[in-house]
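Hi everyone, thanks for coming.

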Amino acid sequence: MADEEEFVKVIKQNERVIFKITTVYTRNEVDQQDLYQDIVYQLWKSFRTFRNESKISTWMYRIALNTALTRYKRHKKCGHPVPIEKVILQQTENYDIEFEERLALLYKQIHELNSLEKGIMLLLLEGKKYEEISEIIGLSSSNVGTRISRIKQKLKQRINKK
């Protein structure tokens, strides 16, 4: 019972990690919910084996990204087209329509990246340092830096064409 309570606490504290990955790797709400459940299930299966050798968020990112990539590859083989739905952003008092439109455009362009590039950009947008991205993705820090530079250039070119 203590494991379950601790797991729920960890999930609630790091929910945004899962949400961001499901947002980037899915195109509609139903798929997002399914992926969320898959990620939580994989985290639960691995929870007892977490050795505290890294931050809990790093461990969660690694499992969540691997789960998303596995699911992405499986669906890609099936060849089922998925309609693109707009992300409905929560409105606040300081709602800035121009910012929201730019953000939606950025996420649309991120959706078009390959699966590794999506993961790297997601982690970068989360504010992770190159070393932590490197640990999660399994690449060297210098390789991560090079890839980020190339991805940024690619996104900039795509967005400027719009």
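**Helix packing and salt bridges**

Let's start with a contact between two helices: from α2 we have E15, I18, F19, I21, T22, T23 and Y25, and they meet Q32, L35, Y36, I39, V40 and L43 of α3. Sorted by class, that contact holds 9 nonpolar, 3 polar and 1 charged residues. Please keep in mind that this is a predicted model.

Now the geometry. Helix α2 covers residues 15–25 and helix α3 covers residues 29–47; they pack at an angle of about 135 degrees, and their axes are 9 Å apart. The two are therefore oblique to each other, and α2 passes α3 in a right-handed crossing.

On the α6 side the contact uses L116, G119, I120, L123 and L124, and on the α7 side Y130, I133, I136 and I137. That gives 8 nonpolar residues, 1 polar and no charged.

Helix α6 also packs with α8, residues 141–161, where the axes come within 10 Å and cross at roughly 95 degrees. So these two are roughly perpendicular to each other. Here L116, E117, I120, M121 and L124 of α6 make contact with R147, I148, I151, K152, K154 and L155 of α8. This time the division is 7 nonpolar, no polar and 4 charged.

Two of those names come back in a salt bridge: E117 pairs with K154, with the closest N and O atoms 2.9 Å apart. The pair links distant parts of the chain, 37 residues apart.

Another of them joins D34 and R71, with 3.8 Å between the closest N and O atoms. D34 sits in α3 and R71 in α4, residues 56–78, so this pair ties together parts that are 37 residues apart in sequence. R71 is buried, at 9% relative accessible area, whereas D34 is partly exposed, at 31%.

For a local example, take R102 and E98, whose closest N and O atoms are 3.3 Å apart. Both lie in α5, residues 97–111, about one turn of the helix from each other.

Terms used. Residues are numbered from 1 along each chain as its sequence is written. This is a predicted model: local features need pLDDT of at least 70, side-chain atom pairs count only at pLDDT 80 or more; totals for chains, interfaces and linings use all residues. Side-chain values use heavy atoms; hydrogens and water are left out. Axes are lines fitted to C-alpha atoms, for helices over the stretch in contact, and angles run from 0 to 180 degrees between N-to-C directions. Helices (H or I, at least four residues) and strands (E, at least two) are DSSP runs, numbered from the N terminus. Angles under 35 degrees count as roughly parallel, over 145 as roughly antiparallel, 65 to 115 as roughly perpendicular and the rest as oblique. A crossing is left-handed if the near helix is turned anticlockwise from the far one by less than a right angle, and right-handed if clockwise. Contact means heavy atoms within 4.5 Å. Ala, Val, Leu, Ile, Met, Phe, Trp, Tyr, Cys and Pro count as nonpolar, Asp, Glu, Lys and Arg as charged, and the others, Gly among them, as polar. A salt bridge is a side-chain nitrogen of Lys or Arg within 4 Å of a carboxyl oxygen of Asp or Glu. Buried means under 20% relative accessible area, exposed over 50%, partly exposed in between (1.4 Å probe, protein chains only).
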